[in-house]
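Here is a friendly walk through one structure, to read with the sequence and the 3D view side by side.

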Amino acid sequence: MHVQSESAPKNSSALDAGYVWFDGKLVPHQEATVSVLTHALHYGTSVFEGIRAYETDRGAAVFRLKEHTRRLLDSAKIMGMTPPVTSEQIDHAILETIRRNNRLSCYIRPLLWYGPESLGVNPRDNRVFFMVATMPWGVYLGEEAVRKGAALMTSSWRRSPGDIMPTKSKAGGNYVNSVLANQEARDNGFDEALLLDREGYVAEGSGENIFMYQDGVLMPIVHSVNLRGITRDAVIQIAKSMDIPIEVTMATRDELYTADEVFMVGTAAEVTPIASIDRRPISSGVAGPFSLKMREIYLDVVSGRVPEFEHWLTYVH
Ligand code: PPE
């Protein structure tokens with residue numbers, strides 16, 4: 001049986017969603033209901049994004065909206081799904097939903113999915129639906145995991161290869177793998193899972209990309225099965241602007257064990273320092289100074305406090 005550890009942070013509550021964009025208009029989320037025969041509910045045939053808006057001196061701003069909208073449409077393309085909305089309509093729906101709910105900062109979840117018109121795996125006759133929800137969402141792995149550094153566990157679940165699942169698409173069905181890995185880690189008292197591929201190379205977290213920091217060099221972990229993370233790209237660009245040497249590399253789990261620092265990045269996780277992996281402390285087993293500094297700079301960038309990267313923000317008003 002699945003037993004959630006008591007220290008686990010709560011996920012964002014759908015009850016806080018307020019108004020959602022559904023079928024071309026804003027409605028209270030309780031009224032945005034779908035059929036039990038929805039194709040996506042049966043087969044995981046949805047694609048989604050996770051985006052954040054942050055409070056800035058000029059009110060709420062969405063971080064890297066253009067890149068997230070592009071990835072949502074790319075995810076649909078990979079699935080062979082024809083979206084009923086253009087990128088402009090997606091951006092408009094996102095900004096309108098934030099405005100309607102008067103959010104200063106929030107997590108934004110756009111979703112495209114196949115409806116109930118026909119059951120059976122072939123979605124040819126199913127209408128594609130679109131919705132956007134916004135909700136408060138705090139520190140993904142919990143305040144304590146950020147302050148002390150998170151504890152990772154190498155998952156017994158492997159990341160699917162790219163010829164089994166479309167790993168570059170944020171498709172709902174892909175996330176069964178993430179749910180199983182995260183659940184296993186939590187049930188065993190860890191904060192998050194570390195997923196390897198079949199050969200033992202490090203892929204990513206259940207919802208994060210991974211970095212090592214070693215001898216003053218920042219090492220983004222690459223793997224062909226990883227999601228092309230927008231936070232990962234932001235951290236690399238920030239590091240470049242600071243003239244920090246960067247060496248993109250593949251890694252095995254033991255290379256992570258002996259790194260000076262390890263941290264995870266993602267829209268929800270932001271920049272989260274890792275204190276231990278499989279109960280081996282990373283360096284002295286506390287959140288590392290480089291990771292904490294990068295977290296601080298990242299939070300400055302998303303809050304519009306770094307002019308060089310202000311072009312990544314879309315102001316809501
Ligand atoms: N890998 C995976 C598998 C992944 O899901 C994410 C985002 C990332 C890497 C980082 O990508 P980016 O957000 O573009 O930097 N995970 C999303 C889902 C989290 C959830 O629990 O749901 C997110 O962070 O929004």
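## A loop residue, Asn-122

Asn-122 sits in the loop between β6 and β7 (128-135); helices (H or I, at least four residues) and strands (E, at least two) are DSSP runs, numbered from the N terminus. This is a predicted model, in which local features need pLDDT of at least 70 and side-chain atom pairs count only at pLDDT 80 or more, while totals for chains, interfaces and linings use all residues. Residues are numbered from 1 along each chain as its sequence is written, and side-chain values use heavy atoms, with hydrogens and water left out.

Is Asn-122 buried, exposed or partly exposed? Asn-122 is partly exposed, because its relative accessible area is 43% and the class runs between buried (under 20%) and exposed (over 50%), with a 1.4 Å probe and protein chains only. The side chain of Asn-122 also reaches the backbone nitrogen of Arg-124 at 2.9 Å. That is a polar contact, meaning a pair of N or O atoms within 3.5 Å; within protein, one must be able to donate a hydrogen and the other to accept it, and residues adjacent in sequence count only if both atoms are side-chain atoms. Although Asn-122 and His-39 are 83 residues apart in sequence, their C-alpha atoms are 9.4 Å apart in space.

Ser-206 is found in the loop between β10 (202-205) and β11 (209-214). Ser-206 counts as buried because its relative accessibility is 5%. Its side chain makes a polar contact of 2.8 Å with the side chain of Glu-192.

Now for some backbone angles. Asn-102 is not a glycine, yet its phi is positive, at about 50°. You will find Asn-102 in the loop between α3 (87-100) and β6, where it is exposed at a relative accessible area of 69%. Asp-278, another residue other than glycine, has a positive phi near 50°. Asp-278 belongs to the loop between β14 (270-277) and β15 (280-281), and with 14% relative accessibility it counts as buried.

## Around the ligand

Which residues come nearest to the ligand? Of the 21 residues around it, they are Tyr-107, Tyr-140, Tyr-175, Thr-231 and Thr-267; a residue is near a molecule if one of its heavy atoms lies within 4 Å of it. The shell divides into seven nonpolar, eight polar and six charged residues. Here Ala, Val, Leu, Ile, Met, Phe, Trp, Tyr, Cys and Pro count as nonpolar, Asp, Glu, Lys and Arg as charged, and the others, Gly among them, as polar.

The protein covers 93% of the 550 Å² of accessible area that the ligand has on its own, by the Shrake-Rupley method with a 1.4 Å probe. Two or more shell residues come from each of β6 (106-114) and α6 (230-241).

## The cavity

The structure holds one cavity of 30 Å³ or more. A cavity is a set of points, on a 1 Å grid over the protein atoms alone, where a 1.4 Å probe fits but cannot get out; lining residues have an atom within 4 Å of a point. The largest cavity has a volume of about 60 Å³, which is the space filled by probe spheres set on the points, joined across faces, edges and corners.

Its lining is made up of Arg-52, Tyr-54, Phe-63, His-68, Ile-230, Thr-231, Thr-267 and Tyr-298.

Methods
On a 1 Å grid over the protein atoms alone, a cavity is a set of points where a 1.4 Å probe fits but cannot get out, and a pocket is an open set with protein on both sides within 12 Å along at least five of seven lines; lining residues have an atom within 4 Å of a point.
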